[in-house]
Amino acid sequence: MKCSISECKTEAKETVKIGFKETRNLCEYHYNLFNNKEEKHEPSFNKASKFKEK
């Protein structure tokens with residue numbers, strides 16, 4: 001079974017109850033994010049390309 005997050009293609013680890021009737025299957029990465037949802041996460045940025053002057 002795959003992770004319920006649409007962009008994620010990894011195998012699901014846990015089933016989590018989201019609401020009264022709704023459950024989702026989450027991979028290890030998204031399961032850890034769900035468990036630590038109260039914590040603030042630092043964004044990580046990567047440069048797409050270097051700017052070249054002509």
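At 16% relative accessibility, N25 counts as buried, because buried is defined as under 20% relative accessible area, with exposed meaning over 50% and partly exposed lying in between (1.4 Å probe, protein chains only). The model is a predicted one, in which local features need pLDDT of at least 70 and side-chain atom pairs count only at pLDDT 80 or more, while totals for chains, interfaces and linings use all residues. Residues are numbered from 1 along each chain as its sequence is written, and side-chain values use heavy atoms, with hydrogens and water left out.

**Overall layout**

- The protein chain holds one helix and two strands, which follow the order β-β-α from the N terminus on; here helices (H or I, at least four residues) and strands (E, at least two) are DSSP runs, numbered from the N terminus.
- Of the 54 residues in the protein chain, 15% count as buried.
- The protein chain exposes about 5,500 Å², of which carbon and sulfur atoms supply 50%, the areas coming from the Shrake-Rupley method with a 1.4 Å probe, and for residues only the protein chains shown count as cover.
- Among contacts in the protein chain with a separation of 6 or more, 8% are accounted for by residues 24 or more positions apart, where contact means heavy atoms within 4.5 Å.

**The two strands**

- Strand β1 covers residues 14–17 and pairs with β2 in the antiparallel sense over four bridges; two strands are said to pair if DSSP finds at least two bridges between them.
- A hairpin of five residues joins β1 to β2.
- Along this pairing, K17 stands opposite T23 in β2, and E14 has L26 in β2 as its bridge partner.

**N25 and its surroundings**

- N25 lies in strand β2, which spans residues 23–26.
- The side chain of N25 makes a polar contact with the side chain of T15 at 2.8 Å; such a contact is a pair of N or O atoms within 3.5 Å, and within protein one must be able to donate a hydrogen and the other to accept it, while residues adjacent in sequence count only if both atoms are side-chain atoms.
- Leaving aside neighbours within four places in sequence, N25 is in contact with M1, K2, C3, S4, A12, E14 and T15.

- C3 lies in the segment before β1 and counts as buried, with 8% relative accessibility.
- Although C3 and H30 are 27 residues apart in sequence, they are 8.4 Å apart in space, C-alpha to C-alpha.
- Not counting residues up to four places away in sequence, the residues that C3 touches include C8, N25, L26 and H30.
- The largest nonpolar core has six residues, namely C3, C8, V16, L26, C27 and Y31; a nonpolar core is a set of buried Ala, Val, Leu, Ile, Met, Phe, Trp, Tyr and Cys residues joined through side-chain atoms within 4.5 Å.
- V16, also listed in that core, touches E22, T23, R24, L26, Y31 and F34, again not counting residues up to four places away in sequence.

**The salt bridge**

- The count comes to one salt bridge, by a rule that asks for a side-chain nitrogen of Lys or Arg within 4 Å of a carboxyl oxygen of Asp or Glu.
- E22 forms a salt bridge with R24, and the closest N and O atoms are 3.0 Å apart.
- E22 is partly exposed at a relative accessible area of 37%, and R24 counts as partly exposed at 34% relative accessibility.
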